[in-house]
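Hello,

Here is the structure we discussed. Please read the notes below with the model open.

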Amino acid sequence: MKALPVLKRAQPISIACSRRHLSSRESAKAAVSPDPESLLSFHWDTVPPTSKQRRHAEQFFLRQAPKILYSSSTFLNVPKGKVPEVAFLGRSNVGKSSLLNRLMGKNICHTSRNPGRTKTMNFFAVGGEDEEGSPGRLTVLDMPGYGHKSRTEWGEEIMKYLVGRRQLSRAFVLIDTMHGLKRSDEALLQALRENAISHQVVLSKVDRLLFPNNRKASKQLLGRHAGTLQERAGSIGSHLDALDVDGPKALGEILACSTTASLERGHFLGINNLRWSILAATGLHEVRRQPPAVTSTLESLGPKPATGEVSF
């Protein structure tokens, strides 16, 4: 089992031009899309969520406040879980804790401008209690960062969790939109493939690319820089495909998010796309519906319709 490397200074990876790109007609159509969120997600193996699905995902995460379950510095001391889990990983100072706060709708993860603030594996319950009384229907895990100011033992415990945790549905690897893939990112992605761990890439701090020089977020700027974001996501996707490692590849879906930019008050760019992806990874995207109401005495005497589960 490989431990994640500790690098004092991560080096950029040279990435060739991607063959994953939209046609010029599709790009022009995307640039004038009435749905800005569609410009922040790139799908090769999956289907983009609809606006209805994104609303459902938002409601799932915000219907009840998240709860801190426990923290642990070692995998051995992590309690067994009953609900699906997703883990978030990334280089130190990639914006992971800030993104998780937006994702869960509460400032529950500690954030800092200094890298290496997260030193333990932190588990959070979201979605409200389930039928069996678990504090959340989903567990979100904030991992210690790797790279600058990381520690070798953190990488070892992270890999123990990723390989040995049966409840893990998917690992989400955060990549800084402006900096791209670094050697430490590549080492993690290779380890995930070698160990057949389901994973996908999320681009953080996308506002720095779309709205440079701290300019206010707008649909016009989003459309203007959407092509650059598309090229960057496609290049990363091509690089992931080209990794010379045996094992299942990263999911052909790259999402871009911002924790500071929004076009609509309270709706930060790309967060609902990420929420939907989490629900899809864990099987929680299905919606329970109540049976139709009884409208007559005769109907009430007959068998009642069973409650079903309908997927969007």
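Ala196 comes after helix α5 and has a positive phi, near 55°. Helices here are DSSP runs (H or I, at least four residues), numbered from the N terminus. This is a predicted model: local features need pLDDT of at least 70, side-chain atom pairs count only at pLDDT 80 or more, and totals for chains, interfaces and linings use all residues. Residues are numbered from 1 along each chain as its sequence is written, and side-chain values use heavy atoms, without hydrogens or water.

Back to α5. It covers residues 183–194, 12 residues. The expected span is 1.5 Å times one less than the number of residues. That gives 16 Å, and the end C-alpha atoms are 16 Å apart, so the two agree.

Now the packing on α8 (residues 271–282). Axes are lines fitted to C-alpha atoms over the stretch in contact, with angles from 0 to 180 degrees between N-to-C directions.

- α3 (residues 96–104) and α8 have axes that come within 10 Å and cross at roughly 80°. They are therefore roughly perpendicular (65 to 115 degrees). In contact (heavy atoms within 4.5 Å) are Leu99, Arg102 and Leu103 of α3 with Ile271, Leu274, Arg275 and Ile278 of α8.
- α2 (residues 51–62) packs on α8 at about 80°, axes 8 Å apart. α2 is thus roughly perpendicular to α8. Among the contact residues are Phe60 and Phe61 of α2 and Trp276 of α8.

Best wishes

Terms used. Helix = DSSP H or I, 4+ residues; strand = E, 2+ residues; numbered from the N terminus. Parallel < 35°, antiparallel > 145°, perpendicular 65-115°, else oblique.
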